Amino acid sequence: MSIEKMTLVNIYGDRKKLDEVILKCSDYNNFHPQPAVVYSEKVKGFAPLTEENPYTALLKKIMEIADATSLDLKYEQDREHSLETQKADQFLDEFQQKLLGLNARRDSLCETIQSQSDALGHLKHIEGLDISLDDIFLSKFLEVRFGRLPADSFKKLNYYSDRLFIYISLDTDQNYNWGVYVTTQEEAPEIDHIFASLYFERIWIPDYIHGTPDFARSSLQAQIDSEKAQLDMVNAELTDLVTSNKFEFYHIYSRVKFLNASFEMRKYVSVTGDMLHIVGFVPTAEAKQFMDNFSAIEGVTVEPIPVDADSHLTPPTKLKNNFIVKPFEMFVEMYGLPGYNDIDPTPFVAITFCLLFGVMFGDVGQGLLISLIGSILWKWKGMRLGQVMNRIGFSSCFFGFVYGSVFGYEEFLTPFYTGVLGLSGKPIHVMHPSSTNTILGCAVALGAVIIVISMGINIIIGFKKKDYGRAIFSHNGIAGLVFYGSIIVVVVARLFFNTNLLKPAFTLPCMALPLVFIFFKEPLTRLIKGHKEGLFHEGFGSFFTESFFELFEVLLSFVTNTMSFLRVGGFALSHAGMMAVVFTLAEMVNPVAYPIVIIGGNLFIMCMEGLIVGIQVLRLEFYEMFSRYYDGEGLPFVPIAVRLKAE
């Protein structure tokens, strides 16, 4: 349970072997490269490899063809990644040109058929007109308008009987009346305005329609049938074209996709002349195996270097934890990974998270159910949160045994304690008034212990990083630990032993002196580092004012951070109280509804309070613990790999 040790590896050799080297690095899937720009700035003669990606245009063309054919692109794993670019480009061009031609014909036919079908629908409503449409539209002195009127508007035409127009009704249904009105060219603007006010919707008769409406319908239907037959032939040609070419198309796509993705990895390569150079990190335990993978590539050498050999390169962080603790890495990653030389807080997070959640949400039945749901979410959905739920569910179950609570039944396990264990009753009676102060006091005491441990971790990290100001003089260092520990000792002596330790012999060295160290942390740190000049570089007055308020904030935070753990006991009490409400409601209903209320109440409380408790525990982790010792400024270990995500 620690941070994986890394080895810096230096890969160099013949530039002609570049593709083989990149494939080896990506196949290994545990090599974290450094960008070529970073290394090239430090080593003279080397420059980042800059080449135009020859596969971008091919991939774009493939995507256009896929859109045109609605082909679902499928990447096929193929260890043969070579590609004759010219032949592939020629195949794609020919395939695309045929597709474009057939698609253009299909679209034109579809547009024509749609237009003719609309015209056919219009003719249906005017087929009662036994006059040639050609004769009507060739009139030089009359204006003719085909269309439809709402049924209510048709009745209002009588109001305009004195106007110069004739309206001929041709067809009707429940909502509309189809017809045609005729007027003179001089009166047309006024008559058009009248019909527009009556919501007349004009129907445009295409100029390719001739003869009477009945004759036009027959000839138009025959034309539509002919064009649909042509459309079927075009669709068949399209299907044959796609079927005969899709396997070669998928094959080219897979190779282009891989080569395009692998080409992006060249940003990690620096070159000089005919030499290539790649620098990166691999886990120390796998360094030998990584180097052996390159033994088959002639002209390429891989040599290990101590991880701290180059101060310009920052080793990445890869957490290494057992299967019990590992799920809690997600919370550490949310805050930020630890630095390579830091301490992995995951084990501490796992212990405290399970402990606090169990104390706040102790119930045997609900805990087992949470654990079961977590296992299902992990197995079926692959959710990392499911693994966390599995573990905190068992913690909830354990504290449920301590509280004697099973699905809210507070006395369910009492016979077990009295009959099997020989106890006088439950270890903790959460609902008993006399237990309230005990539970809240224990919650504060637990919080104080966790804060002290957090300070101890910060001191270890400070010495490990040789940051003595952080380890000794900070409010989370030795000075803060002595002061906070002294306060705890004073409170314990007063409450349990009725002893007053607030005397000069104790307060001066154990409380006053640590505060002085905290107050003068910055100048003392500079003094330890050998900076004897400029201890108060912004002036003593500015230093005094700033340090005074910071010290006041520190003293206040010791109190508020400790009292913050009261919520742990508060939620333990509220959980039992909410279940008591559920049972009260169940007793108010009839016997048939009683089990429904109990089951529903348990599920509601498990979901609502379980979520709230989880959030509160996470808050305690981040704000009361991480803020004391954890920086979270590490770089994640990201192995090089060909990324083949869907486009």
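I began with the lining of the second largest pocket, whose residues divide into 16 nonpolar, two polar and no charged (Ala, Val, Leu, Ile, Met, Phe, Trp, Tyr, Cys and Pro count as nonpolar, Asp, Glu, Lys and Arg as charged, and the others, Gly among them, as polar). The model is predicted, with local features needing pLDDT of at least 70 and side-chain atom pairs pLDDT 80 or more, while totals for chains, interfaces and linings use all residues. Residues are numbered from 1 along each chain as its sequence is written, and side-chain values use heavy atoms, without hydrogens and water.

I noted 18 lining residues, with Val444, Ala448, Ile488, Val491 and Thr562 nearest the centre of this pocket (a pocket is an open set of points on a 1 Å grid over the protein atoms alone, where a 1.4 Å probe fits, with protein on both sides within 12 Å along at least five of seven lines; lining residues have an atom within 4 Å of a point). Helices H15 (433–464), H17 (478–497) and H20 (540–563) each give two or more residues to the lining (helices are DSSP runs of H or I of at least four residues, strands runs of E of at least two, numbered from the N terminus), and H17 gives the largest share, eight residues.

I then turned to the open sheet, where four strands are ordered S6-S7-S5-S8 with antiparallel pairing (a pair needs at least two DSSP bridges). Strands S6 (166–172) and S8 (201–202) are at the edges with a single partner strand each, so one side of each has no neighbour in the sheet. I found six bridges between S6 and the antiparallel S7 (residues 176–184), and serine 169 has glycine 179 in S7 as its bridge partner.
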